Amino acid sequence: MSPQLVGETLGYRIVAYVLEIPLPPTVNHYFLNAARKTRAGKPFIGRILSKDARAFRAEVHRAARDGHRGPPQFSGRLAITVLACGPTRAAWDLDNRFKPLLDALTEARVIKDDALFDEVR
């Protein structure tokens with residue numbers, strides 16, 4: 001992940017970072033229900049990350065740190081452009097992939113919070 005100067009406006013430099021990562025798992029396959037017990041011994045159902053979600057987060061973490069000790073953590077107002085190529089020619093839902101993507105970028109400390117995005121393309 002290396003910076004690319006893409007323009008300047010109002011005295012601010014606009015820098016783009018390009019990160020190539022695999023297609024994230026859908027929200028429907030991101031979490032699993034797991035039976036747990038509280039400290040008091042009462043059972044409850046909790047949500048844990050699926051195996052695919054953990055692998056995806058690890059890949060984003062590796063890609064973000066490729067050649068760096070750590071990526072810059074963006075904390076200002078942000079825009080993101082995503083080029084997603086579907087796994088097959090079958091129809092698939094792109095917005096089910098955005099949440100896992102932004103969560104993984106937050107977990108890898110590329111962005112401070114996924115609420116900072118003003119523009120998503």
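In which sense do strand β3 and strand β4 pair, and over how many bridges? To find out in this predicted model, select residues 31-37, which are strand β3, and residues 43-49, which are strand β4. The two strands run antiparallel to each other and are joined over seven bridges.

Stay with this pair and pick Ala-34. Across from Ala-34 stands Gly-46 in β4. Next, move to the turn of the hairpin. Five residues lie between the strands β3 and β4, and in this hairpin Gly-41 has a positive phi near 90°.

Now select Tyr-30 and Phe-31. These two residues form an aromatic pair, and a search of the whole structure finds one such pair. The arrangement is edge-to-face, with 5.2 Å from centre to centre and 80° between the planes. A pair of aromatic rings is described by these two quantities, the distance of the centres and the angle of the planes.

Colour the two residues by accessibility. Tyr-30 counts as buried because its relative accessibility is 1%, under the 20% cut-off. Phe-31, at 31% relative accessibility, counts as partly exposed.

Which residues does Asp-103 contact, leaving aside its neighbours within four places in sequence? They are Tyr-30, Arg-57 and Asp-114. Select residues 95-107 to show helix α2, where Asp-103 has its place. Asp-103 has a relative accessibility of 13%, so Asp-103 counts as buried.

Methods
Residues numbered from 1 in each chain as written. Predicted model: local features only at pLDDT ≥ 70, side-chain atom pairs only at ≥ 80, totals over all residues. Heavy atoms only, no water. Helix = DSSP H or I, 4+ residues; strand = E, 2+ residues; numbered from the N terminus. Buried < 20%, exposed > 50% of the residue type's maximum accessible area, 1.4 Å probe, protein only. Contact = heavy atoms within 4.5 Å. Phe/Tyr/Trp six-rings, centres within 6.5 Å; stacked < 30°, edge-to-face > 60°. Pairing = 2+ DSSP bridges.
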